[in-house]
Protein chains: 2
Amino acid sequence: MPKAKRNAFYAQSGGVTAVINASAAGVIETARKHRDRIGKLYAGRDGIVGALTEDLIDTGKESARTIAALKHTPGGAFGSARYKLKGLDHNRAEYERLIEVFRAHNIGYFFYNGGNDSMDTAHKVAQIGEQLDFPITCIGIPKTVDNDLPRTDCCPGFGSVAKYVAVSTREAALDVASMARTSTKVFVLEVMGRHAGWIAAAGGLAGNKAGDPPHIILFPEIPFEQTAFLARVKRCVRNYGYCVIVVSEGAATADGRFLAEAGGKDAFGHSQLGGVAPVVADMIKQELGFKCHWAVADYLQRSARHIASKVDVQQAYAVGKAAVELALKGHNAVMPIIVRKSSRPYKWGIGHAPLAEVANVEKKVPRDFITADGFGITAPCRKYLTPLIAGEAYPPYRNGLPDYVAIRGVPVPKKLRTAFKP
Amino acid sequence: MPKAKRNAFYAQSGGVTAVINASAAGVIETARKHRDRIGKLYAGRDGIVGALTEDLIDTGKESARTIAALKHTPGGAFGSARYKLKGLDHNRAEYERLIEVFRAHNIGYFFYNGGNDSMDTAHKVAQIGEQLDFPITCIGIPKTVDNDLPRTDCCPGFGSVAKYVAVSTREAALDVASMARTSTKVFVLEVMGRHAGWIAAAGGLAGNKAGDPPHIILFPEIPFEQTAFLARVKRCVRNYGYCVIVVSEGAATADGRFLAEAGGKDAFGHSQLGGVAPVVADMIKQELGFKCHWAVADYLQRSARHIASKVDVQQAYAVGKAAVELALKGHNAVMPIIVRKSSRPYKWGIGHAPLAEVANVEKKVPRDFITADGFGITAPCRKYLTPLIAGEAYPPYRNGLPDYVAIRGVPVPKKLRTAFKP
């Protein structure tokens, strides 16, 4: 095989989303259009773990129909991993192992689909490849429901969870409002976002005007103050008859203590697992006496492909496609980014940023996106968020259920005699 | 106004659903077609409480467009109430007050849209009307996500929550499966159903064949046994790499103790509010050491109009329409029911049953719908459930969000000088 035509490797990393497979489809379909330049396209089974253990999937064995169906299938079709490669100094062996596997399979392109940590890894792989005289083109593909990557206007995966949270908040609020006179007065919805409150902010889109639910949003960016919070809850119930609260899992007090950690032990003496919503609901019930209900969306929110944002699906596909095109244009150690050209009407394009500028930087919700009292979103925030949840992209259904696809996952024959235990 | 043309009263009762407003639309649109027989159609603001306090809404002031939009709007548009009228012997005054209000507004038809308790109330109102020489036609309209009303093949509201739970289980399972190698191994989804496991059973539709998630369903009908349960969890993780569990909020041990009650106190000394999912997740983490995630859908499930079952929406409308038609045909103290004529292909029609046979009877999941081991659903159960989640009935969207409607809610001028405190 001539040097010019090297193989490629794609892996999914970290928490999966409703649209990460759309990015995979973008990579695969685009690579297939460039068979003159890219040989085989392999995927890591369970992300980077598949590379380390030489457990590769031959995407060439998947039908065009399966790849197209990835655009409407949530989760990580090739498997993802929570596995962060340590720094080069601490565990050089892991990076050397990656290069060993890539060399054995003539892999010249590394497409890594993930968040902050993954962009850091992709950056390091590019560096170590050069050091080991095995040049490899490393392109990061942004993905995170947390929307906390810098440089890109937004992160594929976020728009869909934002839509899910906004829709669910609007729906649950109608439920609570209709029964508040004789039943539940306060509803608490817990959403993801340990450090950045983007998802919680999206809950704010459920309302259109003052007084609309959600009445309170608790952001990780704003220190929680019980007195002010309870006063606001009380005021909402008095004014509107009920109160809807969206709370980020990362809501914390000024000293950095997560509210979720206030959860105690159960009857078996087990400490409660996570869950800030029940803590907040208990606080309200005990201090104000209101009947509360609470929901924890957890994985439901980030896998809800049935209510994905059409814009998000398009952008997820676009960054996958752009990753391959950037690689073929000779770029290295970069990440395609979403560039916003206009909010109303919404216009966007694809640019790119150096991985060095993306890795390990966390973009939080800016203060001017949050109202002065810390409990809501401002007009600029609304202007930013609204286009990201635009459009529906319903999956096909069969027998009342979304017709999601599974890959065949045909393994690539191993070439190395060495094993590796990640 | 001639006796022949009396007014009508409609009220929503108990926990609302994604489609109860479709029943309201069925009642209102059908009544409007029979202006020669039915005068005004009033609705109780906040359910029966609106009748007791003479707080009536004139549905005639709502546009045809608003009424049509109720078909795609969740929650209770007129307000619902958790307010159970006591027995005739215990609180005759409440029934007499109802008749007083109905008499003042020349109401000859009482349409009561609710579950078991409400059917009992409607039945009693019919009886007391006769006793007080104020004949009133009382028609119950079935509504409950719990699907536990007898005589009817299914209950409007259930099909949509069933679809939500089946879809969400399928989606979350894809998420868990893709990350199980290095992250969460067990996912627990808590769903509604305190006494009957119909909603939990619907989670079983997420899978098509043996080994598909959900791997375990915990029904209220099957006493929880920790040893057998944990052994099954362990086996699933060993065989499939992960385990997805759907648990009914009503899951209980043989002595009748709800698992949710095992929740203890938090750091503030507050007892935990509800939540069987965290209890089950803690048990697994402590006893088996698996990383767990859990979700509590709570109101999200019963308000999720965005993913409603088309069949459910149609049936909800049909029972509303049938209620008016039954009344005009001279029926009294009956409830329209869904009659299943065939499962494959699914064919249904509307019949009716006496309220006396419906009131206070709870239909649980029959034993032969649950697998021998108590952890899954059988083929007959699947055959029963599948048609109920068929079809999508998406609401219209604006700016990325469902365009739900709110009523004007114009009050009917009061005619009584007496007040009533419910």
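Predicted model: local features only at pLDDT ≥ 70, side-chain atom pairs only at ≥ 80, totals over all residues.
Residues are numbered from 1 along each chain as its sequence is written, and chains are lettered from A and ligands numbered from 1 in the order in which they are written.

Chain A is divided into domain 1 (6-144 + 305-360 + 392-402) and domain 2 (158-302), with bounds that come from an automatic or database domain assignment. The centres of the two domains, taken over C-alpha atoms, are separated by 34 Å. Their contact takes 10 residues from domain 1 of chain A and 8 residues from domain 2 of chain A; two residues are in contact if their C-beta atoms, placed from the backbone, lie within 7 Å. On the domain 1 side there are 5 nonpolar, 4 polar and 1 charged residues. In this classification Ala, Val, Leu, Ile, Met, Phe, Trp, Tyr, Cys and Pro count as nonpolar, Asp, Glu, Lys and Arg as charged, and the others, Gly among them, as polar.

Strand E2 (residues 38-44) of chain A is largely enclosed by the rest of the structure, because 7 of its 7 residues are buried. Helices (H or I, at least four residues) and strands (E, at least two) are DSSP runs, numbered from the N terminus. A residue is buried if 20 or more other C-beta atoms lie within 10 Å of its own, exposed if 12 or fewer, and partly exposed in between, with C-beta atoms placed from the backbone. Strand E1 (residues 6-12) of chain A pairs with E2(A) in the parallel sense over 4 bridges, where pairing requires that DSSP finds at least two bridges between the strands. Within this pair, A:Phe9 has A:Tyr42 as its bridge partner. E2(A) also pairs with strand E3 (residues 56-58) of chain A, in the antiparallel sense over 3 bridges, and A:Gly44 stands opposite A:Leu56 in E3(A).

In chain B, helix H11 (residues 310-328) is mostly covered, with 14 of its 19 residues buried. Just after H11(B), B:Gly330 takes a positive phi of about 95°.

Several backbone details remain. Most residues other than glycine have a negative phi, and most peptide bonds are trans. A:Arg151, however, is not a glycine and has a positive phi of about 75°; A:Arg151 counts as partly exposed because it has 19 C-beta neighbours inside 10 Å. A:Asp298, also not a glycine, has a positive phi of about 45°, and with 26 C-beta neighbours inside 10 Å A:Asp298 counts as buried. The peptide bond from A:Arg344 to A:Pro345 is cis, with omega near 0°, and A:Pro345 lies in the loop between E10 and strand E11 (347-354) of chain A. A:Lys341, in strand E10 (residues 334-342) of chain A, counts as exposed, with 10 C-beta neighbours inside 10 Å.
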